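Subject: Handover of a structure

Dear colleague,

Please find below the structure that I am passing on to you. My notes on it follow directly after.

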Amino acid sequence: MHSIDQSAAEAVSALTVTLPDGTTIPRLGQGTWHMAEQPQKRNDEIASLRLGIEYGMTLIDTAEMYAGGRSESLLGEAVSGVARDRLFLVSKVYPHNAGKARIFKSCEDSLRRLKTEALDLYLLHWRGSVPLEETVWCMEELIRQGKILRWGVSNFGLGDMEELWGVPGGRGCQTNQVLYHLGSRGVEFDLLPWMAQRKMPLMAYCPLAQAGRLKRDLLSDPAVLKVAQRHGASPAQILLAFTLRSEAIFPVPKAGVPSHVADNAKAAAIRLDADDLAALDSAFPAPRRKVPLDIQ
Ligand code: NAP
């Protein structure tokens with residue numbers, strides 16, 4: 001049993017973001033990629049997700065892809081006993097499953113593994129060969145069937161979003177989940193402003209830059225360490241505070257050990273000031289021209 005730092009929990013609860021449909025959700029969530037891959041980590045992973053929920057990080061991101069569905073099952077176990085209306089469960093459909101022939105089974109399988117009646121948000125994991133128009137129709141049909149409450153996309157660049165906007169029903173999209181961290185700021189140039197104009201917040205994956213192909217060692221970067229020292233904080237907390245500086249961004253850090261979850265929750269109370277941001281900007285400048293979307 002891990003005790004909760006009440007002031008951190010209050011700071012997490014105070015941070016919210018509103019989706020285009022008016023739903024208000026926590027701005028600091030939790031990720032689950034790589035969970036359920038190693039049996040010896042299972043207890044820690046479940047304990048971490050539960051601790052995160054205690055802290056108010058009740059927005060939890062998963063996908064049918066993660067560990068071949070076992071991450072969803074692990075999450076289903078972690079949240080059993082938690083009142084469903086306290087949670088905001090997000091899952092993602094593979095692009096090759098995102099058409100009329102397969103999406104309904106994919107969604108049903110995710111619901112079964114998560115032991116829930118409906119997903120709060122269902123995302124197209126990345127663009128594939130199924131026409132956007134068909135995927136959007138399917139998402140709207142899933143809403144009509146009560147299987148999902150809303151939908152969004154992931155790994156969409158500006159051109160993809162513009163295309164989506166032209167598709168019937170495409171403007172029902174609630175978010176775009178993309179890679180975003182201090183060392184990967186390309187979306188600030190075009191995608192983020194485009195989404196902000198439409199009051200659509202950006203869901204940031206890999207906010208700690210710690211996983212996947214584009215992993216970067218920002219946790220030992222001198223500029224990050226200096227700001228961390230100024231705040232008496234950990235480098236991870238500074239990276240999260242950087243993404244949380246904008247009300248238009250909601251990150252989903254993944255932590256598989258409870259001490260990391262507690263560390264991450266405390267980031268909600270950190271406000272980076274102009275000096276901090278200037279120091280981080282000078283080490284990791286914001287983009288001055290369009291750059292391709294970083295994809296994990
Ligand atoms: P991340 O959250 O940036 O980094 C996760 C890593 O950071 C884990 O190795 C974790 O270690 C470590 N960590 C967590 N908290 C820490 C702390 N306070 N101090 C030091 N290390 C810490 O990367 P991610 O998992 O790739 O991204 C987050 C989530 O975004 C994923 O889990 C997934 O839900 C989603 N995602 C989506 C896509 C997409 O294509 N849509 C792609 C990638 C990720 P421990 O596990 O040991 O705690």
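Arg-27 is buried (under 20% relative accessible area, with a 1.4 Å probe and protein chains only; exposed is over 50% and partly exposed lies in between), yet Arg-27 takes part in no salt bridge. A salt bridge here requires a side-chain nitrogen of Lys or Arg within 4 Å of a carboxyl oxygen of Asp or Glu. The nearest side chain of opposite charge belongs to Glu-247, 5.0 Å away; for charge, Lys and Arg count as positive, Asp and Glu as negative, and His and the chain ends are not counted. The side chain of Arg-27 does reach the backbone oxygen of Ser-246, at 3.0 Å. Arg-27 sits in the loop between β2 (24-26) and α2 (42-54), where helices (H or I, at least four residues) and strands (E, at least two) are DSSP runs numbered from the N terminus.

Please note that the model is predicted: local features need pLDDT of at least 70, side-chain atom pairs count only at pLDDT 80 or more, and totals for chains, interfaces and linings use all residues. Residues are numbered from 1 along each chain as its sequence is written, and side-chain values use heavy atoms, with hydrogens and water left out.

The ligand is surrounded by 29 residues, each with a heavy atom within 4 Å of it. The closest are Asp-61, Gln-177, Leu-208, Lys-254 and His-260. Helix α10 (residues 258-266) supplies the largest share of this shell, 3 residues. By type, the shell divides into 14 nonpolar, 11 polar and 4 charged residues.

A polar side-chain atom of Lys-254 is 2.6 Å from a ligand oxygen, and one of His-125 is 3.4 Å from a ligand oxygen. In the case of Pro-207, a polar backbone atom lies 3.4 Å from an oxygen of the ligand. The protein covers 87% of the 890 Å² of accessible area that the ligand has on its own, by the Shrake-Rupley method with a 1.4 Å probe.

Two backbone angles also deserve mention. Most residues other than glycine have a negative phi. Asn-155, however, has a positive phi near 60°; this residue is in the loop between β6 (151-154) and α6 (158-165) and is buried, with a relative accessible area of 8%. Cys-206 has a positive phi of about 55°. Cys-206 lies in the loop between β8 (202-205) and α8 (222-231), and is buried at 13% relative accessible area.

Yours sincerely

Technical notes: A polar contact is a pair of N or O atoms within 3.5 Å; within protein, one must be able to donate a hydrogen and the other to accept it, and residues adjacent in sequence count only if both atoms are side-chain atoms. Ala, Val, Leu, Ile, Met, Phe, Trp, Tyr, Cys and Pro count as nonpolar, Asp, Glu, Lys and Arg as charged, and the others, Gly among them, as polar.
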